[in-house]
Every structure is written in structure tokens, then in C-alpha cells.
Amino acid sequence: MSPKMNAAAGEPPNIFLGSRCNHDCLFCSEGLVDKTQSPEEIQAVIAQAQDVLSIEGGEPTFSKDLEKWVRLARKKGIRDIILCTNAARFSDEAYVQRLCDAGITLFNVNFPAHEERLFNVLTRT
């Protein structure tokens, strides 16, 4: 399998850390396809990335290696590291601080609804 780099102009390359998620959103863009990359594929994407890198999943905060990959990308000199997340783990302030310290510069948070009932329907939680 080759590294997954977005072909569309202006879109950052993506690394996919897993397919597991704690939500089952009706509108999930990942669908039923498991895009999980091997460590070698992730390293290749990071090596090819220029200024921006997007980290996705499933829910990438489930990956035990998330901080490791973020640190590698930062060490490589990638300016903007985007984490696409549902932020379910973000009640743990120390965890969020570790992600920031590792090098995350932007959190792209899926926030489907501000009302609990609608949130539960949309995320099937």
C-alpha cells in the first residue's frame, strides 16, 4: 500500500491511526473503509509532508502512538499539525496539554449538535 497523500490541491496529507471510534455518526466521512496505515506508511507520509499534516482515524486519540507521530512530524519541521477528533478525551486537561506540547497546532473538532438528544441521535451514542 502506498502512502495516502491527498491529490486535491491545497489539502494536507493525512495519516490514519486507526478505525476505532467511540461514536457511530450517521454522517461519518470514514464510512466502513478502514484506512489505518502501517508505521512505515505513516513515516513515509510524514517524510513527504511539507507545511501541514492532518491526523485522522476513526478517533485518533485512541492511538497509543498519537503523541509519538506528532513529535516526529514536529521534529521534521511540519508547521501545522491538525488533529481531527470528536474531542471525547478532552475533559482530561493534562492529555490536551500533552498533545499541545507534542506539537498539535489545530484541533478540528466534530461537534454535531449542542442539544444532548440530537447529539445522541446523530452520533448513535
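A residue counts as buried when its relative accessible area is under 20%, as exposed when it is over 50%, and as partly exposed in between, with a 1.4 Å probe and protein chains only. Histidine 23, in the loop between β1 and α1, is therefore buried, with a relative accessible area of 17%. The model is predicted, and local features need pLDDT of at least 70, side-chain atom pairs count only at pLDDT 80 or more, and totals for chains, interfaces and linings use all residues. Residues are numbered from 1 along each chain as its sequence is written, and side-chain values use heavy atoms, with hydrogens and water left out.

Leaving aside neighbours within four places in sequence, histidine 23 is in contact (heavy atoms within 4.5 Å) with Asn86, Phe119, Thr123 and Thr125. The side chains of histidine 23 and asparagine 86 are joined by a polar contact of 3.4 Å. Such a contact is a pair of N or O atoms within 3.5 Å; within protein, one must be able to donate a hydrogen and the other to accept it, and residues adjacent in sequence count only if both atoms are side-chain atoms.

Leaving aside its neighbours within four places in sequence, glycine 18 touches Thr36, Gly57 and Gly58.

Helices (H or I, at least four residues) and strands (E, at least two) are DSSP runs, numbered from the N terminus. Helix α1 covers residues 39-48 and holds glutamate 41, which is buried at a relative accessible area of 9%. A polar atom of the glutamate 41 side chain lies 2.8 Å from the backbone nitrogen of serine 38.

Helices α1 and α2 pack at an angle of about 30°, with their axes 9 Å apart; axes are lines fitted to C-alpha atoms, for helices over the stretch in contact, and angles run from 0 to 180 degrees between N-to-C directions. In α1, Pro39, Ile42, Gln43, Ile46, Ala47 and Gln48 meet Trp69, Leu72, Ala73 and Lys76 in α2.

Threonine 61 is in the loop between β2 (52-56) and α2 (66-76) and is buried, with a relative accessible area of 2%. Its side chain makes a polar contact of 2.7 Å with that of glutamate 59.
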